[in-house]
Amino acid sequence: MSAPNSKTAERPGLEAQIQRNPHPDFRKVERERPPFESDISWKYTQIPKTDWKIGDGANDTEWKKHKKIQIDPYGDSRKPVDNYKTLISAVTPRPIGFVSTVNRKGERNLAPFSYFSVVNHDPPLFTIGFSGGLDNPKDSAKNVIETGELTINIISEWFIEAANFCSTNSPFGVDEWKLSGLTPAESTIVKPPHVAESAFSIEAKLVTHHEWKSKLDPNKSTGTLVIVEGVNFHVREDVINDDLNIIDIAKLKPVSRLGGITYGRSITGYESLRPDYEKDVVNVNKI
Ligand SMILES: Cc1cc2nc3c(=O)[nH]c(=O)nc-3n(C[C@H](O)[C@H](O)[C@H](O)COP(=O)(O)O)c2cc1C
């Protein structure tokens, strides 16, 4: 991989294309909104249709009133940035991996990524998608691939502002920890620190990576996927049960990413039993 990256030259252009901020005057819009409701606590409701039966389908008929439009991701005049905006607003809510890395010189880096998920548990595996190929990598991607180490931290409501600020397009080597005011906590197995404020952090090692090429221009690298293995977890003692296997959503208060610049809260939920074919299909039909 080429050493210094040129992202600071490229990123402002990319951001101008994306036009991420939908408001001409964001601060005015924010001032006019009601304050954050910090006193809301997690509650369970019933599922929308408690008497749903086999074959009932959707619990509402609104969907029947609307036609569907097909979108060819590479159709005339459609740009990759349109797919980006569509996909990040459609595939929601997305978890956010708050990634801490260090570069070869030991300089720290911290940034949020919502092309992120857990994809296996034995071994614990996670995927992160970075925009930009290996010729123009984000600092986090470059560091993970060069050092093979990272920590992934779950973002909770109590530090969302600081975490969001770490997405700033700062030059390589800038320490987002300082900009954000967040606290680095020493990790046990990997060099990158984890976020002390985070209720759940994962120390991880690189398993493999793959570079994606543009379908419009196969010479252009557009993204880098990493698959990483979690080798150690750090959890705040009050958010996990005594068996150390279930995190309390009411206490975790995870932040999710929706479309554009919108974040989501998890404040209500409902439960539903996992259907068993013998019990819920075969036996029911015998009656
Ligand atoms: C909530 C959130 C989610 C993001 N998700 C991604 C992502 O999945 N992939 C990506 O390349 N950039 C993503 N970004 C943008 C990066 O955080 C941003 O480019 C950051 O400057 C990268 O930092 P780095 O170059 O220090 O690694 C996201 C930003 C925010 C605020």
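**Figure 1. Strand β4 in the lining of the second largest pocket of this predicted model.** Strand β4 gives five residues to the lining of the second largest pocket, the largest share. Helices (H or I, at least four residues) and strands (E, at least two) are DSSP runs, numbered from the N terminus. The second largest pocket has a volume of about 700 Å³. The elements that give two or more residues to its lining are β4 (116-121), β5 (124-131), β9 (200-213), β10 and α7 (249-252). In total 26 residues line the second largest pocket, and V118, I154, F200, I247 and L252 lie nearest its centre. The lining has 20 nonpolar, six polar and no charged residues. Here Ala, Val, Leu, Ile, Met, Phe, Trp, Tyr, Cys and Pro count as nonpolar, Asp, Glu, Lys and Arg as charged, and the others, Gly among them, as polar. On a 1 Å grid over the protein atoms alone, a pocket is an open set of points with protein on both sides within 12 Å along at least five of seven lines, whereas a cavity is a set of points where a 1.4 Å probe fits but cannot get out; lining residues have an atom within 4 Å of a point. Grid points are joined across faces, edges and corners, and a volume is the space filled by probe spheres set on the points.

**Figure 2. S221 in strand β10.** S221 lies in β10 (residues 221-235) and counts as buried because its relative accessibility is 11% (buried is under 20% relative accessible area, exposed over 50%, partly exposed in between; 1.4 Å probe, protein chains only). The S221 side chain makes polar contacts with the side chains of E211 (2.8 Å) and K213 (3.0 Å). A polar contact is a pair of N or O atoms within 3.5 Å; within protein, one must be able to donate a hydrogen and the other to accept it, and residues adjacent in sequence count only if both atoms are side-chain atoms. With neighbours within four places in sequence left aside, S221 is in contact (heavy atoms within 4.5 Å) with G133, D135, E211, W212 and K213.

**Figure 3. L216 in the loop between β9 and β10.** L216 counts as exposed because its relative accessibility is 54%. Apart from neighbours within four places in sequence, L216 is in contact with Y74 and P80.

Figure 4. The largest cavity holds about 50 Å³ of space. I40, S41, W42, E157, I249, A250, K253, R265, S266 and I267 form its lining, which divides into five nonpolar, two polar and three charged residues. The second largest cavity holds about 30 Å³ of space and is lined by N103, E107, R108, N109, D139, N143, F172 and G173. Elements β3 (108-113) and α4 (139-147) are those that give two or more residues to this second lining. By class, the lining of the second largest cavity has one nonpolar, four polar and three charged residues.

**Figure 5. The annotated domain, residues 89-243.** An unreviewed UniProt entry places the feature "domain: Flavin reductase like" at residues 89-243. UniProt positions are given in the numbering used here, feature names are shortened, and annotations may be inferred rather than shown by experiment. Over residues 89-243 the chain is 14% helix and 42% strand, with the end C-alpha atoms 37 Å apart.

**Notes.** Residues are numbered from 1 along each chain as its sequence is written, and side-chain values use heavy atoms, with hydrogens and water left out. In this predicted model, local features need pLDDT of at least 70 and side-chain atom pairs count only at pLDDT 80 or more, while totals for chains, interfaces and linings use all residues.
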